[in-house]
Number of protein chains: 2
Amino acid sequence: MARVRKTVTIRDVAEEAGVSLQTVSRVVNGGPNVRPQLRDKVQAAIDRLGYVPSLAAQRMSGSRSYIILAINDRERTLADWRERMGTDWVDQMLLGGILTCSKHGYRMMVELVDTHSDHVERELGAALSALQPDGVILTPPHSENALITDLLAARGIPFARIGSDAPGAGIRLTMGDEGAAHLATTRLAELGHRRIAMIAGPAQYSLSGWRIEGWRRALAERGLPHEGLLEVGDFGYDSGARAARALLDRNPDLTAIIASSDQMALAALEVARERGLDVPRDLSLISFDNTPIVRFTQPPLTAIDQPIAETVARAVEQLIARSPDADDSAVIEVAAALVERASTAPAPAKIPDRG
Amino acid sequence: MARVRKTVTIRDVAEEAGVSLQTVSRVVNGGPNVRPQLRDKVQAAIDRLGYVPSLAAQRMSGSRSYIILAINDRERTLADWRERMGTDWVDQMLLGGILTCSKHGYRMMVELVDTHSDHVERELGAALSALQPDGVILTPPHSENALITDLLAARGIPFARIGSDAPGAGIRLTMGDEGAAHLATTRLAELGHRRIAMIAGPAQYSLSGWRIEGWRRALAERGLPHEGLLEVGDFGYDSGARAARALLDRNPDLTAIIASSDQMALAALEVARERGLDVPRDLSLISFDNTPIVRFTQPPLTAIDQPIAETVARAVEQLIARSPDADDSAVIEVAAALVERASTAPAPAKIPDRG
DNA sequence: ACAAGTCTTGAGAACGCTCTCAAGTTGCGC
DNA sequence: GCGCAACTTGAGAGCGTTCTCAAGACTTGT
């Protein structure tokens with residue numbers, strides 16, 4: 001009885017409305033030059049039949065695929081990934097990306113690529129050939145990978161790079177890293193802190209450099225020192241612990257740390273606990289990322305909120321709006337914000353005892 | 001100089017190998033009945049040219065689209081979503097889904113749908129028409145939504161439902177909720193706890209019921225009471241706090257709580273702190289989800305690890321392997337595990353003072 | 001060695017849409 | 001009113017695959 005319902009095609013709509021395929025196509029795509037009366041008639045037929053154009057067919061004939069591809073980092077195995085989790089990057093990205101895409105009739109697909117693999121080009125090339133996306137969004141560390149950006153440039157696919165100022169083509173977006181670090185540092189200085197350390201991310205990430213710059217600038221503005229107050233981690237927990245220990249060992253008078261990731265901040269928090277330092281009484285702590293985790297630590301962490309979803313949304317819009325030969329070197333900055341929680345407090349009147 | 005490279009099509013490969021399109025197609029799809037010698041020749045041409053079939057074209061002509069669509073819950077706004085975050089569901093899902101899909105030459109797309117919207121059917125219908133996926137994966141609460149399952153059944157699209165035993169078609173997958181609750185409860189009982197409470201999820205989720213069942217069964221097996229030890233929340237923080245307060249008010253001798261989500265467990269932890277109860281000395285706590293958050297609370301929480309990635313991976317495999325008229329009512333259970341951390345301890349010798 | 005398969009290969013249509021281009025309509029200035 | 005420029009509509013080709021079906025090459029049994 002209930003026969004398998006055949007897909008409604010543009011032809012069905014054309015018949016229903018008594019016009020040609022072409023006219024329906026024009027109405028669907030908001031083409032110009034269709035008389036209002038006819039347009040209404042066709043639109044009515046579309047609504048009646050519940051017609052939605054097939055993405056695949058659109059891609060086949062038209063010049064666009066209506067697909068934006070987001071490239072994300074992939075860890076080698078499931079277990080690895082779970083261990084390393086602690087950021088909601090992907091969630092945020094999807095949220096900003098998918099909603100923005102669908103607002104414009106596009107679709108977002110996610111590809112997981114291992115930057116360190118020898119096959120990056122082949123893997124990515126295969127994805128590009130299969131999907132033929134209209135645009136690609138690169139997140140760190142892929143946005144810094146010349147192999148990838150070159151490949152995209154060679155294929156003539158517009159792309160947006162988030163968090164990188166490595167040379168090369170593509171729209172660039174930053175999440176206000178320099179400003180954010182400056183903001184965090186300034187806030188700590190206002191609270192009376194004089195020795196404010198930074199646990200930075202690895203040097204191959206542009207954003208690590210920006211954050212260091214913002215921190216230095218804020219310190220310089222207030223005549224505060226930066227010597228011996230910088231440690232570099234890899235965004236992971238262990239490296240954060242090492243860095244925190246080194247900083248505390250080297251600076252008995254340290255009262256504030258800015259960590260370049262939530263994971264490293266969590267590690268610093270743990271190290272402080274180990275050493276009997278109370279956060280925030282003895283040591284103030286500010287982290288970057290503001291993932292859900294830091295709202296539930298003890299104390300909850302003051303953090304820089306990176307507007308990931310908004311940034312990806314902007315990237316999508318740029319890629320979609322991009323006319324074929326538009327200016328390819330736009331630089332867009334989305335501002336980050338400081339979310340104050342309980343891990344920051346006025347500097348202690350005197351240096352805490354570090355037995 | 002660098003001309004825009006034209007896409008490599010099956011026709012190019014055919015010419016390069018000196019065979020017909022059809023033969024190339026056969027080789028690409030691992031068709032039978034191609035002589036090894038010819039197959040090698042064609043494969044060589046494919047490799048030389050770096051040919052990858054266009055997904056859109058495959059969809060156009062063939063019967064498959066090579067797309068698996070995952071339906072996820074969508075909160076109304078960006079801000080809402082961020083506030084409610086605290087689970088890495090989507091990350092996990094993508095991880096399991098994307099990797100498994102690409103292993104089989106498929107792609108996964110994610111659609112965010114608001115279950116409570118009046119337009120569910122229209123929204124989802126549009127996505128289905130546009131993408132024509134070969135299979136759909138439904139996560140809670142969508143897996144319980146008859147509007148959605150009926151729509152899929154009517155369209156004849158195979159689908160997998162995760163965490164639901166609501167009647168209707170589709171492959172069903174569970175993450176061992178009954179067993180997991182039983183496991184957690186039993187473990188607490190082994191630690192000497194006699195009054196073990198459960199903060200359950202909302203009744204409209206099948207998994208809430210399963211967890212209650214598992215908890216009851218474990219209690220019954222050991223002759224422990226369950227009266228007055230059940231509260232229902234909505235998985236969110238606030239509801240967890242309310243539930244924890246109610247349980248503690250009502251049961252002065254309560255020494256253990258199982259919470260049906262990390263958020264609710266975090267709330268219970270906070271309520272315990274408010275009341276001067278030490279976790280785990282005075283109160284043991286086990287949560288469901290095991291999202292990254294609970295590794296960094298103070299103390300880190302013992303939690304049931306739901307194998308989301310693995311479950312989605314299984315779902316994908318089922319959908320892909322599914323022959324057109326295969327058995328449509330498979331039920332698959334992936335076992336959850338208990339990850340012991342510092343929020344569980346032997347029951348206190350005497351009931352803690354609850355001033 | 002011959003009929004009756006089975007294997008291998010290819011030709012051509014079809015998928016659903018947009019593109020290009022041509023034809024028919026309408027509007028406007030003189 | 002006429003000619004030229006719009007604007008409006010439609011016809012047909014083409015996108016890159018796979019499908020169906022037919023033709024040729026090779027087996028096998030007797």
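1. Helices and strands are here DSSP runs, numbered from the N terminus; a helix has at least four residues and a strand at least two. The model under discussion is a predicted one. In chain A, residue A:Gln132 is placed in the loop between helix H7 (120-131) and strand S3 (135-138).

2. Is A:Gln132 buried or exposed? Its relative accessible area is 16%, and buried means under 20%; A:Gln132 is therefore buried.

3. The surroundings of A:Gln132 involve both chains. Apart from its neighbours within four places in sequence, A:Gln132 is in contact with A:Arg59, A:Ser65 and A:Ala127, and also with B:Thr7 and B:Ser54. With B:Ser54 there is a polar contact between the two side chains, at 3.4 Å.

4. DNA strand D is surrounded by 27 residues, of which A:Thr23, B:Ile10, B:Gln22, B:Ser25 and B:Ser61 are the closest. Of the atoms of DNA strand D that come within 4 Å of the protein, 64% belong to sugar and phosphate.

5. Which parts of DNA strand D do individual residues approach? An N or O atom in the side chain of A:Thr23 is 2.6 Å from a phosphate oxygen. A base oxygen of DNA strand D lies 2.5 Å from a polar side-chain atom of B:Ser61.

6. Helices H2 (21-28) and H4 (55-61) of chain A, and helices H2 (21-28) and H4 (55-61) of chain B, each supply at least two residues of the surface near DNA strand D. H4(B) gives the largest share, four residues. By class, this surface has 14 polar, eleven nonpolar and two charged residues.

How values were computed: Residues numbered from 1 in each chain as written. Chains lettered and ligands numbered in written order. Predicted model: local features only at pLDDT ≥ 70, side-chain atom pairs only at ≥ 80, totals over all residues. Heavy atoms only, no water. Buried < 20%, exposed > 50% of the residue type's maximum accessible area, 1.4 Å probe, protein only. Polar contact = N/O pair within 3.5 Å; in protein donor to acceptor, adjacent residues only side chain to side chain. Contact = heavy atoms within 4.5 Å. Near = heavy atom within 4 Å. Nonpolar A, V, L, I, M, F, W, Y, C, P; charged D, E, K, R; others polar.
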